[in-house]
Amino acid sequence: MSTKRFHVAVIPGDGIGPEVTEQAVKVLRAIAQRFGHSFDFVECLMGAIAIDKTGLPLPLETLEVVKRTDAILLGAIGDPKYDHNPAATVRPEQGLLQLRKELGLFSNIRPIHTYNSLYHLSPLKHHLLEGVDILMFRELTGGSYFGKKERSTDGLRASDEYTYSREEIERIAHPAFRAAEQRKKKITLIDKANVLETSRDWRSVVREIALRYPEVKVDYLYVDNAAMQLILNPKQFDVILTENMFGDILSDEASVLAGSLGLLPSASLGTNTAMFEPIHGSYPQAAGKDIANPIGAILSAMMLLEYLELHDEAELVRQAVQWSLTNGFVAKDLNPANYYATSVIGDVISDIISNRIPNAHFQDKHQAVLSSSQMENIAIGKSTII
Ligand code: IPM
Ligand code: MN
């Protein structure tokens, strides 16, 4: 087994960000220990917490540190005190957007699949959820998010410029097609080509690129129809390719298929480093209460391991997460009547990775038989169950 050393920047951010990131770091430490790797974690400031401490949502120091690391793990960004103040000139989200732009993280990958132990949490009928496995490619550094923002001098009119160049479309379309080749060989471009000029460019670029991937079937859907199809028949999707804002909206919608927004991870890739973050926000109402769901963050750490080509390590995290979901070690969003603390879920998953839960067999349908004292130890927050 070859052992490796990696530098990982950790940006806990705001709200529940620090709590969920802590669990993801815990899991990475367990992986490092089990496989003999080492991760050097450097904590960095971004978001509302950075504004409070330095006046800037993305301090220069953070930018410099993250540029030198192998990967970035991010919690969440946002604070209600800015949400209710439209006149604020400095906002936490600017830090995240600037970071994505500065690092050229144009490709945001959001996997969505369903877990049968969680079907009851989705408003959809079970037969619609079986076998859902979607990989969404959301363009992350273009479109209305990054266009020029203007306001008329009388303050009565505002505008957000919305542009895409062919190059911006090409560079995300290729990885999306390559992913489709490895999967069910189907890609759906979601746009609004009946109205938007930019969307017509997306269609023509994708049509050209498709010629180079003859095995991949391409579908084109308008975003309004796609929003409906995701609920009516989510199984029809394999790889979804879409622009920044549509991807933001559709990924929150798609999270109801899984059962909770708290479950979904994402990877943002570009040319140099890569960033891994759950798709959920900072959920300020839950901050500091140890009730947030850490699975989105932990699965983001799993995607980080994949990115570092630590595939066995990533697979172990995936299985440990699956095991904890199947066996009911879930946060409040998944089971309000009987839930475990954020930190306990992190401990359980780390303990599985460290092989400290001997009865946790993954292979046989993730069924485990824990003794009542083991269950009790988990319930009182003792990580080591034996
Ligand atoms: C996301 C988030 C961000 C986005 C916000 C926090 C700026 O909603 O990553 O989906 O809109 O991209
Ligand atoms: Mn979002």
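This is a predicted model: local features need pLDDT of at least 70, side-chain atom pairs count only at pLDDT 80 or more; totals for chains, interfaces and linings use all residues.
**Entry 1: Thr342**

I then looked up where Thr342 sits, and found it in helix H13, which covers residues 342-353. Is Thr342 buried or exposed? I wrote down buried, because its relative accessible area is 0% and the cut-off for buried is under 20%.

**Entry 2: the surroundings of ligand 1**

Next I turned to ligand 1 and asked which residues surround it. My list reads Glu93, Leu96, Arg100, Arg110, Arg138, Tyr145 and Asp248. Sorting this shell by class, I got five charged residues, two nonpolar ones and no polar ones. Which helix gives the largest share of the shell? I found that helix H5, residues 92-102, supplies three residues. I also checked the space that ligand 1 takes up, and it is the second largest pocket.

**Entry 3: polar contacts of ligand 1**

I went through the contacts of ligand 1 one by one. For Tyr145, I found an N or O atom of the side chain 2.5 Å from an oxygen atom of the ligand. For Arg100, a polar side-chain atom lies 2.7 Å from a ligand oxygen. For Asp248, the distance from a polar side-chain atom to an oxygen atom of ligand 1 is 2.9 Å. How much of the ligand's accessible area does the protein cover? On its own, ligand 1 has 320 Å² of accessible area, and the protein covers 80% of that.

**Entry 4: two positive phi angles**

Here I looked at backbone angles. I reminded myself that most residues other than glycine have a negative phi. Lys185 is not a glycine, yet I read a positive phi of about 60 degrees for it. I placed Lys185 in the loop between helix H7 (166-182) and strand S8 (186-191). Its relative accessibility is 31%, so I put Lys185 down as partly exposed.

Glu309 was my other case: phi is near 65 degrees, again positive in a residue other than glycine. I found Glu309 in the loop between helix H11 (295-307) and helix H12 (311-326). Why did I mark Glu309 as exposed? I did so because its relative accessibility is 59%, and exposed means over 50%.

**Entry 5: Leu308**

I stayed in the loop between H11 and H12, where Leu308 is also placed. Leu308 went into my notes as buried, because its relative accessible area is 11%. I also followed Leu308 across the chain to Arg91: the two are 217 residues apart in sequence, and 32 Å separates their C-alpha atoms.

Where is Ile240? I found it in strand S10, residues 239-242. With a relative accessible area of 0%, Ile240 counts as buried. I then compared its position with that of Leu156, which is 84 residues away in sequence, and read a C-alpha to C-alpha distance of 37 Å.

Leu250 came last, and I located it in helix H10, residues 244-258. I noted a relative accessible area of 2%, so Leu250 is buried. Val239 is eleven residues from Leu250 along the chain, and I found their C-alpha atoms separated by 13 Å.

How values were computed: Residues are numbered from 1 along each chain as its sequence is written. Chains are lettered from A and ligands numbered from 1 in the order in which they are written. Side-chain values use heavy atoms; hydrogens and water are left out. A residue is near a molecule or strand if one of its heavy atoms lies within 4 Å of it. A polar contact is a pair of N or O atoms within 3.5 Å; within protein, one must be able to donate a hydrogen and the other to accept it, and residues adjacent in sequence count only if both atoms are side-chain atoms. Accessible areas come from the Shrake-Rupley method with a 1.4 Å probe; for residues, only the protein chains shown count as cover. On a 1 Å grid over the protein atoms alone, a cavity is a set of points where a 1.4 Å probe fits but cannot get out, and a pocket is an open set with protein on both sides within 12 Å along at least five of seven lines; lining residues have an atom within 4 Å of a point. A molecule sits in a cavity or pocket if more than half of its atoms lie within 2 Å of its grid points. Helices (H or I, at least four residues) and strands (E, at least two) are DSSP runs, numbered from the N terminus. Ala, Val, Leu, Ile, Met, Phe, Trp, Tyr, Cys and Pro count as nonpolar, Asp, Glu, Lys and Arg as charged, and the others, Gly among them, as polar. Buried means under 20% relative accessible area, exposed over 50%, partly exposed in between (1.4 Å probe, protein chains only).
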